[in-house]
Amino acid sequence: MDDKYEIKESERQSWLSLAMIWTGSMICIPCLMIGGVIGTGLSLGGVVLAVLAGYGIVCVYMCLVGMESCDTGLPTVSMASSVLGRKGAQFIISLMLAIACVGWFGIQSAVCGESFSSMVSGIIGIDIPVWLSSIFWGIVMLVTAVYGYNGLKILNFIAVPALVIVLVYSMVLAFSGGGLDTIMAFSPASRMSFISAVSMVVASFALGGVISGDYSRYARSRKDVIKSTVLGVFPSGMVMMLIGAILSIVTGQYDISLVLAAVGVPALGLVALVLATWTTNVTNAYSGGLAVSNLLGFGEERFRISCAVAGLIGTVLAAVGLLSKFEFFLNILSALIPPIAGVMIASYWILGKGEKENLIEKEGWYLPGILAFAIGAVVAYVTGNIAIFLIGPVNGIVVAMVLYIIFVKIAEKGEAGYEKNR
């Protein structure tokens, strides 16, 4: 398969540089929030097992997609065109990106709004409605994404270390004053199923796992893909999830802005939280805008329009209470995205025997891949919270893989019969 995006050997990078990309991706507000959600429904030991299982699932398909990309030097959308068709891959992957980025924009705008309202209330005693703060910060972030902000990179260098310092300080507060006893004696008032917890962990990096090929194509070998994935995702992801879980156990809530206020972090900590969500959400708006632009067929000159559409939708979702539907949003992500990896794995590693020469791009919409993905996503969602059916995202991947192989065989027989009868 020839592609203008193919990476040359001279452009390959070390596994450590790729691992740092994944590590940076895991140090984020969503990981803290998901850790908080599962921390209020499981024991700490259960949280550790859920994180290991969830990121284990992500890392397995992430490595398989990444090794394919390393072999071919192609980004994810180019590889997916061999199983979904060129138009199918562009539409489906753009749609998944749009859903994920717009949703996360809404979630983080709401977190930023709550932090800002809490900060203003604590400093000057004025209560600003959270929905109003969410709209204000959503618009600020959107304007930053649409028109650019040269100081954003500098702001990012400030925000990330500041957030790490705030989290360390929060943990010190959490373990002091009887907090350790609270943590050790914790028993969740309402139990969350282990299956649901694993699905949430998968959702935290489901999209990143599928589009990992965009970065793993720079790896020098398959072994480097595995090392960078495992060492980049597991340690930082586990730490962030556990911090979120511990803070939620001490405070009894998972909303990170309320958690920081509850443990007694000063206003400066909430400022750091606002800055962290700001820098992350600009990326969400930008990526969401690109996805919407691809969906609508806009050229680059109309990118600002699509970016504005993505950001405004996310801002409205923040104002109407998307944060209260956080778990539902995660269930959607964990169902929709992993089956894409399922059809790609079946195509390259099973039918294609892991040889890049067998990767053949399809034009238009390739029905076997699209049907297998769609059915896999439905199965993942329906079985996602039913313990007897194992883990929803895994079900979706396996069903998508099996159905893709079956549908391809049927399609090939149909084509052979057609040629024979001509």
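Reader: At roughly what angle do the axes of helix α5 and helix α6 cross?

Author: This is a predicted model. In it, the axes of α5 (residues 86-124) and α6 (residues 130-147) cross at roughly 120 degrees. They come within 7 Å.

Reader: Why is α5 oblique to α6?

Author: Start with the cut-off. Angles of 65 to 115 degrees count as roughly perpendicular, and those over 145 as roughly antiparallel. The crossing here is at roughly 120 degrees, and that makes α5 oblique to α6.

Reader: Is the crossing of α5 and α6 left-handed or right-handed?

Author: The α5 and α6 crossing is right-handed.

Reader: Which residues make the contact?

Author: Take each helix in turn. From α5 come Phe-105, Ser-109, Ala-110, Cys-112, Gly-113, Glu-114, Phe-116 and Ser-117. From α6 come Val-130, Ser-133, Ser-134, Trp-137, Gly-138, Met-141 and Leu-142.

Reader: How many helices and strands does the chain have?

Author: Count 18 helices and 0 strands. Of the 422 residues, 54% are buried. Now look at contacts between residues at least 6 apart in sequence: 86% join residues at least 24 apart.

Reader: Where in the chain is confidence lowest, and where is it highest?

Author: Begin with the whole chain. Its mean pLDDT is 80, with 87% of residues at 70 or more. Confidence is lowest in helix α12 (residues 256-262), at a mean of 67. Helix α17 (residues 367-383) has the highest, at 91.

Conventions: Residues are numbered from 1 along each chain as its sequence is written. This is a predicted model: local features need pLDDT of at least 70, side-chain atom pairs count only at pLDDT 80 or more; totals for chains, interfaces and linings use all residues. Side-chain values use heavy atoms; hydrogens and water are left out. Axes are lines fitted to C-alpha atoms, for helices over the stretch in contact, and angles run from 0 to 180 degrees between N-to-C directions. Helices (H or I, at least four residues) and strands (E, at least two) are DSSP runs, numbered from the N terminus. Angles under 35 degrees count as roughly parallel, over 145 as roughly antiparallel, 65 to 115 as roughly perpendicular and the rest as oblique. A crossing is left-handed if the near helix is turned anticlockwise from the far one by less than a right angle, and right-handed if clockwise. Contact means heavy atoms within 4.5 Å. pLDDT is the predictor's confidence in each residue, from 0 to 100. Buried means under 20% relative accessible area, exposed over 50%, partly exposed in between (1.4 Å probe, protein chains only).
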